[in-house]
Amino acid sequence: MTSYVENETSVVFEFDVKEIIDRIMEEVLAQEGCPYEAQVNLLITDNQGIQEFNRQYRQIDAPTDVLSFPMIGFMREADFSVVENEEAEYFDPESGELILGDIIISADKVKEQALKFGHSQKREFAFLTAHSMLHLCGYDHMTQAQADVMEQKQEKVLAVLGITRDN
């Protein structure tokens with residue numbers, strides 16, 4: 001399992017970003033039954049940077065908290081069989097790892113939302129990472145039923161890792 005983290009801001013969090021993404025990535029993939037070693041790219045940007053990505057890729061000219069760019073076109077959530085026999089398309093030729101996709105998080109939104117919801121920046125960052133990891137595994141929240149499933153899965157991951165609203 002490999003995560004690549006790039007922080008293009010001057011924000012330094014009071015927690016180890018790489019440790020958080022690695023723990024969440026490992027737990028999400030275990031809970032979703034991913035049979036492969038995998039890799040994810042994480043970019044930490046600011047509101048201006050994420051607004052540009054949001055405008056470019058979603059045609060929404062506003063900052064958001066997190067964007068997910070899955071590499072796999074899942075037919076069903078977390079059905080990793082879709083990548084079988086497609087090694088050249090989905091696997092890193094050097095490491096052999098499944099390339100799940102990219103996550104972009106706004107450091108500004110992490111700080112704003114942590115304050116708004118009354119929990120730590122670590123908890124907010126972890127929540128956004130878990131949310132995005134589920135998107136990379138084929139989950140979405142276009143309907144209330146889908147949103148409920150994602151919410152339960154996010155909370156389970158954070159609970160297992162002991163990342164609560166209290167810390």
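These legends walk you through close-up views of a predicted model. Local features need pLDDT of at least 70 and side-chain atom pairs pLDDT 80 or more, while totals for chains, interfaces and linings use all residues. Residues are numbered from 1 along each chain as its sequence is written, and side-chain values use heavy atoms, leaving out hydrogens and water.

**View 1. The largest nonpolar core has 44 residues.** Such a core is a set of buried Ala, Val, Leu, Ile, Met, Phe, Trp, Tyr and Cys residues joined through side-chain atoms within 4.5 Å; buried means under 20% relative accessible area with a 1.4 Å probe, protein chains only. Among the members touching the most others are Ile-24, Phe-80 and Leu-98. Helix 5 (121–136) is one of the elements supplying at least two core residues, and its eight are the largest share. Helices (H or I, at least four residues) are DSSP runs, numbered from the N terminus.

**View 2. Helix 5 packs on helix 6 at about 130°, with axes 9 Å apart.** Axes are lines fitted to C-alpha atoms over the stretch in contact, and angles run from 0 to 180 degrees between N-to-C directions.

**View 3. Helix 4 and helix 5 cross at roughly 115°, their axes coming within 8 Å.** Helix 4 is therefore roughly perpendicular to helix 5. Helix 4 contributes Val-110, Lys-111, Gln-113, Ala-114 and Phe-117 to the contact, and helix 5 contributes Gln-121, Glu-124, Phe-125 and Leu-128.

Note on methods:
Buried < 20%, exposed > 50% of the residue type's maximum accessible area, 1.4 Å probe, protein only. Parallel < 35°, antiparallel > 145°, perpendicular 65-115°, else oblique. Contact = heavy atoms within 4.5 Å.
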